[in-house]
Amino acid sequence: MTAEKERRGTRRAPVILLAVIVWLALTAVVVLLVDGRTVRFYVYGETEMDVEYGTAFIDPGVYAVTVGNLFGESDEELPVETLGSVDTNSLGAYFLRYTTRYAFSEYSVERRVNVIDTTPPVIELKHIEGYAPTWMTGYAEEGYSAWDNVDGDLTGKVQRLKLYNRVQYTVSDSSGNVTMVERPLTHMSYEPPEITLLGEADTVMQAGLWYTDPGVTVHDGLGNDLSAYLVTEGQVIPWVTGSYQISYSVTSELGETVSAERHVEVVPVSMPAAVTPTEKTIYLTFDDGPGPYTGRLLDVLDKYKVKATFFVTAQDSRYYDLIGRAFRAGHSIGVHSSSHNYNTIYSSEYAFFEDFFNMEEVIKAQTGEYTRLFRFPGGSSNTVSRFNPGIMTRLTQAMNNMGYQYYDWNVSSGDAGETTRTDQIIKNIKDGCAQHKASVVLQHDIKDFSVAAVESVIQWGQSNGYSFKALQLDSPSAHHGVNN
Ligand code: ZN
């Protein structure tokens, strides 16, 4: 008992100590349980943040303290360990874990950091020193490059779009950032060309066979000759009166057009008004020669000092000189036709004019001058030309516009098929002439039976108060109605 007491007495101090410790521990547990003490994190910045590629990332950090129901927040900052890291040189999502320990437990909070690329690529346009593009060929690329902070060289991915007055360059990086730059072409050094009209811009010309356009010159701002690119529109039909416009233009590769215009007014050649003779007049006219009987005819006309008119052809060159003889004798010479081939001459205006002016050359060679008198083969009323509808309407108008007077007839001798009898021809002419104050008589001097009638007709006419005259530009033209 004593010993036991003793043993107890000697152990009293440690027991008290132990009791205190236990009491403190129990108190702490009770306090903890009742206080509900835990850890509170304060996260600086956002828990999910974006950081730009390639920039320095500075972790804003966290602040950790304990907090309880009864005693509130501690003033003391808990030590925090950060797990994870952020590599801003590599795109992607990173997680930072902040950890602390308190009362045998581990507490942590997480932050997401996105390394992103919001920087668009850079396009650099090159400029060639002294480069002077021409207006016509347009702009030729001087060069460009594209670079991106993440993807590096993107030159090969640039989309180039050539627009009317600018060039557009577009490129996007792997993050979808798009860059577009433009190169304006409006203030380039080249200037549009200038079209300079040669001759007058407004021309009045008399109707005729030819219109020769004086043309233009066209040079760009650098002095380059652009005539190879010239487009001329509009056409003058020189024998048809009216207003014409000729337009000259050049169009560049960019679609710009520079143009100039010329106005040509085709006016008719003035013609003297026809004068009706006051006395009874007979105009003897002979078609289709000269031929074998023309010389004899000229002798008869000379004998009676009668002037007549010859509408000549080029069908027999052996008698061409008779055209000159007739002209020098005071007779009128008119064009009839070079070939007298209806199918050829009425096939087109061009064919007619070609035939016509060939005859004019023959006449000029024999007489020294061109004539302005003519008679259509078949007359202006012919229907043989109907294979080409409207040709006579166009030709009669065109020839008058060009200053040529055409003559038909109002007395037919009948030598073109109705008769081969000279006495009948004489009768036809007398009967015909009796009906007109001014008679234009149709005969053919390639027909001997017709030529043989002339002397009688003259004798009859002269003894009956008629005067015989050669046709002039102002003589009655005895026009027929045009039937085609
Ligand atoms: Zn004829």
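Predicted model: local features only at pLDDT ≥ 70, side-chain atom pairs only at ≥ 80, totals over all residues.
Helix H8, residues 422-433, and helix H10, residues 454-463, pack at an angle of about 30 degrees, with their axes 9 Å apart. Since angles under 35 degrees count as roughly parallel, H8 and H10 are therefore described as roughly parallel to each other. On the H8 side the contact is made by Ile-426, Ile-429, Lys-430 and Cys-433, and on the H10 side by Ser-456, Val-457 and Trp-460. By class, the residues of this contact between H8 and H10 divide into five nonpolar, one polar and one charged.

Let me turn to the zinc ion. Its protein donors are Asp-288, through OD, and His-336 and His-340, each through NE2, lying 2.1 to 2.2 Å from the ion, and along the chain these donors follow the spacing D-x47-H-x3-H. Asp-288 sits in the loop between strand E20 (281-287) and H3, while His-340 sits in the loop between E22 and helix H5 (342-345), so this pair ties together parts that are 52 residues apart in sequence. Asp-288 counts as buried because its relative accessibility is 13%, and His-340, at 17%, counts as buried too.

That leaves helix H4, residues 321-328, whose buried residues are Leu-322, Ile-323, Gly-324 and Ala-326. Those buried residues pack against helix H3 (294-303), strand E21 (309-313), strand E22 (332-337) and helix H6 (349-367). After H4 comes Gly-330, with a positive phi near 100 degrees.

Technical notes
Residues numbered from 1 in each chain as written. Heavy atoms only, no water. Buried < 20%, exposed > 50% of the residue type's maximum accessible area, 1.4 Å probe, protein only. Helix = DSSP H or I, 4+ residues; strand = E, 2+ residues; numbered from the N terminus. Contact = heavy atoms within 4.5 Å. Axes fitted to C-alpha atoms, helices over the stretch in contact; angles between N-to-C directions. Parallel < 35°, antiparallel > 145°, perpendicular 65-115°, else oblique. Nonpolar A, V, L, I, M, F, W, Y, C, P; charged D, E, K, R; others polar. Donors = N, O, S within 2.8 Å, 3.2 Å for Na, K, Ca; no water.
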